[in-house]
Amino acid sequence: MNGAQALVAQLQAEGVDVVFGIPGGAVLPLYDALYGAPLRHVLVRHEQAAALAADGYARVTGRPGVCIATSGPGAMNLVTGLATSYMDSVPVVAITGNVATAVMGTDAFQEADTFGTTMPVTKHNYLVKDPADLLPVLAEAFEVARSGRPGPVLVDIPKDVFLAPVGDSLAEAAGNRRPWARNGRAPAPCEATVAAAARAIAGARQPVLYAGGGVITAGAADVLRSLVEQAGIPVTTTLMALGSVPVDHPLFLGMPGMHGTYAANMALTETDCLIAVGARFDDRVTGRLAEFAPQAAVIHVDIDAAEHGKIRAPQFPIVADARDGLEALLKALDGLEHNGARREWIQRVQSWKQEHPLEYDRSAPEILPQAVIEEISRATGGDAVIVTGVGQHQMWTAMLYAWKRPRQLLTSGGLGTMGYSLPAAIGAKIARPGDLVVCVDGDGSFQMNVQELATVAEQNLPLKIFIINNGCHGMVRQWQQLFHGNRLSASVFAGNPDFVRLAEAYGIRGLRIDDPARLPAGVREALEYDGPVVVDCIVRQEENVLPMVPPGAALREMIER
Amino acid sequence: MPVYYVMVLAREATGLLRRVSGLCENRGYALQSLSVGGIGGGMVRLGLAVDEPRERAERLARQLERLTDVMAVEVAGDHQAVRRELALIKVRPSPGRRSEVLQVAQVFRARVVDASPGTVVLEVTGTADKIDALLAVLQEYDVAEVARGGVVTLRRGPAALGAEPSEPGQPAEQPRRWSAVV
C-alpha cells in the first residue's frame, strides 16, 4: 500500500463515510486512491466550501467532518473555513497535499506554507515528512479533533509521502511515533469547588444560568434542563447554544447580548449568581465588561481551563465537560434548600419577558425579514435544521425561530463567516438526509459561496434556500445608520443578480416572494417542492435588528425600538 | 514590573517553537527571553520570561497547556526558580587596558574563552541582572559583540515539571499537573 491508499483505509477505519474536497496536482495520488473506494467524495466548487461543508457535517453529527484540498491555493482557500470551525470549537480534519519534500522550500509551483499558515486557525496541525508517521498522525489528528474542547486539525502531506510505501495498517505503523500523551479524557470536576458552587447557587436570590456552545458539544441539554427546573433558575442560551432549551420553556430568557432579549440582558445585569456553562464571555454577549453581571458571583464550568479568567475571573472555576459539570452541580444541590427569594425573581424575569417581547411592525406594506423567519418557523413546525449566513438575517433567525433541540441551528458564531450557509447546509444534508435542512441566508452572504449551487444540483440535495434579500449588507448598513451618521459607505448594492434565474441556470428551482400576502403560500410551496429550491424573498431594506446594545455599551443600555 | 518564568515541557515536534512563539504573539505577550533545548527522550524544554503580572503569566500558562505537543507548564516567580543565563561578550580594549578587562572578568567570574591581539571573548553565566551589570562595566572597554542565550530555569525544591506529585495533598509544593484536556 502507498501512503494515499493507507490513508483512505484509515479514514474508513475512523468511521468516515464522506469527504468534501477538490482535487489538484499535489493530491492526485490521494484522489487515485479514492477512485472506486467505498467512501463518498463530494466535489465542491471552492475549497472554502469543502471546509465549511465538513464543519456543517460535524455540527449536526458531533463527529469530525473531513475535507481535502490540494497544495498552495487549495490549502489557502481552506483557511477561512478552518478558522470558522476553530472559533466555534467544531471537530474537522483537513487533509492537504503539498509539493514533494525534495522541492519544499524552493517556491515550487503551487507551494505554500500550509503548515505555518494554518497553525493559528487550527487546534493542531501536522506536516508529515516521514511516510512512517502518516497513519499514526492521522489517528492522532482525529483524536485531537474530537477530544476535550473539539476543533479543526490539519494534516499536510507532501506528494511523495502519498506515493511512498507504508505499512498496511495503523497497527503495523504503531510505535513509530511518540503517542499523544494526553488521552483527551476530561478531568473529573473538583468536588470541593462543586460543593461550594452548589451552596452559592442555593443561597442566591437571583441566579441566572448562561449556557454556551459547550452544552451542545457535551450533549448536556437534558442535564441543563433538569438543573434549571429543579433549582428554579432562569436560563439564557448564547447563539451557539440555541436549541439546548426549547424557546417555549418558562425559564428560558432568550439569547443574551448585543441582540439579546430585554429579559436576558436585564437578568444578566441584576443577577447575584451567574452560572456560565460551556460559554466564553464573548464580547457580543457581555457588552461593556465592567457592567456585565456586576454583582454576581461567577461559577464557570468549562472543559478548557484557559477560558477561566480569560475575560471574567470566576469565584468557582470548574474544569469539566459541561455534562459532567452540570451533573456534579445537580448532585451537589440535592438536599440543599434554595433561597426563598427565588420565586419572586422568576416572576420578575417572566414579567420582563411579557412586557418586552421581540416585536416588529406586522402591518408593514412590504415584507419584513422577521415575518419570513416566523413563517419558516411556523411552516417547518420548528423542526428543521437551520443553517444561516452572517448578518441581520442571522440575528433575526436566532431570535425568532422556535428552537426545540440541540444541533438544530448551524451558524458561524465566533468568526462570523459570511457565506457559511450554503456549504454548511450541504454538509448537514449529506450527514442527515432524512432531516429538512433550510438555509436562511442574506443576499450579501449568499453570494460569497453561491458557486455551491452547482454542488447542490450535482448531488441533488433538496435544500430549501431562502434569501432574505434587502439589497445590501444589512448589518453594515445598520451600523452605518446608527453609528456613522448614515453614511452608507459601500454597503448598498447598486444591483443584484436575478436569483431566480441564477438558480435556474444551475438547474435548481427558483421562486420569488415580494408580496406579504403571498408569503405563507410561497414558503409552503418551497418546502413542499421535491428538490432543491432557491427562494428570493424581497424585504424592506431599512429594517434594523432590534433590540441592540450599542458597541461598548452595557447590556442594560439596549436600544429597544 | 515583576518577571515571571513560564517553564514548558513539550514533545519534540515540527513547528513547536513557532507554535509557542505564535501563541505568545497572538495573545499579546512580549517575551523578554526565550530558551529552547532538547532534553532527551524526545522531549524539549522551553523557558519563557515575561514581564507581566502573575495572573497574566498564569493565563499564558493555561493557553500553552492547550497546545497538543505541550505536556506540562509551570509558572515561577523570581524566588521560586533557579535562573541562569549564558552570555558571550567580545571586548576590544584599547592597548594597555587588556589587564583591566581581565580583572573585571575575574570579579564577575567570567572566563576568557578566546583571545586575539585586539580582542578578548568572555563567557559569563548568571542571572540576567549579573550579565547586565557586567555589560555595564565593560562599556568602557568597547564591547564589540554580545550573544545571550536566554534564561534557563528550574524550580527550586524537590518538584519536577511534568512529574506526578509524589505525595498527594501537597499541591503548593508540587508542579501543576497538565490538565488532561483540550
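1. P547 of chain A lies in the segment that follows β18 (533-538) of chain A; helices (H or I, at least four residues) and strands (E, at least two) are DSSP runs, numbered from the N terminus. The peptide bond leading from L546(A) into P547(A) is cis, its omega being near 0°. A further backbone feature concerns N486(A), whose phi is positive, about 60°, although the residue is not a glycine. N486(A) sits in the loop between α21 (474-483) and α22 (499-505) of chain A. For context, most residues other than glycine have a negative phi, and most peptide bonds are trans.

2. The model is a predicted one, in which local features need pLDDT of at least 70 and side-chain atom pairs count only at pLDDT 80 or more, while totals for chains, interfaces and linings use all residues. Residues are numbered from 1 along each chain as its sequence is written, and chains are lettered from A and ligands numbered from 1 in the order in which they are written.

3. Chain A is divided into domain 1 (3-173), domain 2 (191-355) and domain 3 (369-538), the bounds coming from an automatic or database domain assignment. The C-alpha centres of domain 2 and domain 3 of chain A are separated by 31 Å. Between these two domains, 11 residues of domain 2 of chain A are in contact with 13 residues of domain 3 of chain A, contact requiring C-beta atoms, placed from the backbone, to lie within 7 Å. On the side of domain 2 of chain A that touches domain 3 of chain A there are 8 nonpolar, 3 polar and no charged residues. In this classification Ala, Val, Leu, Ile, Met, Phe, Trp, Tyr, Cys and Pro count as nonpolar, Asp, Glu, Lys and Arg as charged, and the others, Gly among them, as polar.

4. For chain B, the assignment gives domain 1 (4-81 + 155-173) and domain 2 (82-148). The C-alpha centres of domain 1 and domain 2 of chain B are 30 Å apart.

5. Axes are lines fitted to C-alpha atoms, for helices over the stretch in contact, and angles run from 0 to 180 degrees between N-to-C directions.

6. A second sheet of chain A is open, has 6 strands paired in parallel and takes the order β9-β8-β7-β10-β11-β12. Here β9 (252-254) and β12 (316-319) of chain A stand at the edges, each with a single partner strand, so one side of each lacks a neighbour in the sheet. The twist from one strand to the next averages 20°. Strand β8 (residues 235-237) of chain A pairs with β9(A) in the parallel sense over 2 bridges; F252(A) in β9(A) is the bridge partner of V235(A). Helix α9 (residues 191-203) of chain A lies across β7 (207-211), β10 (273-277), β11 (297-302) and β12 of chain A, at about 130° to β12(A).

7. The axes of α1 (residues 3-13) and α6 (residues 134-146) of chain A come within 10 Å and cross at roughly 30°. This angle makes α1(A) roughly parallel to α6(A); angles under 35 degrees count as roughly parallel, over 145 as roughly antiparallel, 65 to 115 as roughly perpendicular and the rest as oblique. The crossing of α1(A) and α6(A) is right-handed. A crossing is left-handed if the near helix is turned anticlockwise from the far one by less than a right angle, and right-handed if clockwise. G3(A), A6(A), L7(A) and Q10(A) of α1(A) meet L134(A), L135(A), L138(A) and A139(A) of α6(A). The residues of this contact are 6 nonpolar, 2 polar and no charged.

8. Helices α12 (residues 262-270) and α15 (residues 342-355) of chain A pack at an angle of about 145°, their axes being 8 Å apart. The crossing of α12(A) and α15(A) is right-handed. Y262(A), A263(A), M266(A) and A267(A) in α12(A) meet V349(A), W352(A) and K353(A) in α15(A). By class, the contact of α12(A) with α15(A) comprises 6 nonpolar, no polar and 1 charged residues.

Technical notes: Pairing = 2+ DSSP bridges.
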